[in-house]
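Dear colleague,

Please find the structure below, handed over for your records.

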Amino acid sequence: MTYDASTDISRLIPGHKGDFDACHRLLDASPEQIRRVLPELLVWLQDINWPVAPYILKALRPLDAALAPPVMDILAGDDEMWKYWIISNLLPQARTEVRQALHPHIVAIAKQPTPGEAAEEVNLAAAGLLAQWGSD
C-alpha cells in the first residue's frame, strides 16, 4: 500500500526518536514522496542508535541519484559522527548512480581527512566503504 499523496507529506518525517507511526508511513511511501522530505529524513541518521534510524535507512537505500546532493552536503559539513553514520550505514547499499556521484567525496575523506574526520575515524569508514565498493 502506497502512502496517500493527498495527505500531509510531513507526516513521513518522525517527530521524535520513537515515532514508529511515521516510520510505517514512510515505508509505505513512494520514492517520489520520500525524495520530497529527504533532507529532513537524513537528520534522523545523525545517531544510528535512535530507534527510527533503521526504518529511515530502509526507506532511503533504494533511492536513486536524488540521494547524492543532500548526502554531499552532510559530507561537506562539520558533524563528523553524522558523516560516519552515513558512510558506514547508508552508503554501503547505495545504488550505482549514488556511488558514482559520491565517489570523489569519499576518496577525499579517506585520503585527506580533516583533523575532525581523522579523530572520529570517518576516514577509516570511508576507506572501508571504498574497499567494499571495489574502488580506491
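Leu26 counts as buried, at 0% relative accessibility; buried means under 20% relative accessible area, exposed over 50% and partly exposed in between, with a 1.4 Å probe and protein chains only. This is a predicted model, in which local features need pLDDT of at least 70 and side-chain atom pairs count only at pLDDT 80 or more, whereas totals for chains, interfaces and linings use all residues. Residues are numbered from 1 along each chain as its sequence is written, and side-chain values use heavy atoms, with hydrogens and water left out.

Leu26 lies in helix 1; helices are DSSP runs of H or I with at least four residues, numbered from the N terminus. Residues up to four places away in sequence not counted, Leu26 touches Leu12, Ile34, Leu41, Tyr55, Ile56 and Ala59, where contact means heavy atoms within 4.5 Å.

Helix 1 (residues 20-28) packs against helix 4 (residues 53-60) at an angle of about 10°, and their axes are 9 Å apart. Axes are lines fitted to C-alpha atoms over the stretch in contact, and angles run from 0 to 180 degrees between N-to-C directions. The two helices, helix 1 and helix 4, are therefore roughly parallel to each other, a term for angles under 35 degrees. Helix 1 contributes Phe20, Cys23, His24, Leu26 and Leu27 to the contact, and helix 4 contributes Tyr55, Ile56, Lys58 and Ala59.

Asn123, in helix 9 (residues 122-133), is also buried, with a relative accessible area of 15%.

Terms used: Parallel < 35°, antiparallel > 145°, perpendicular 65-115°, else oblique.
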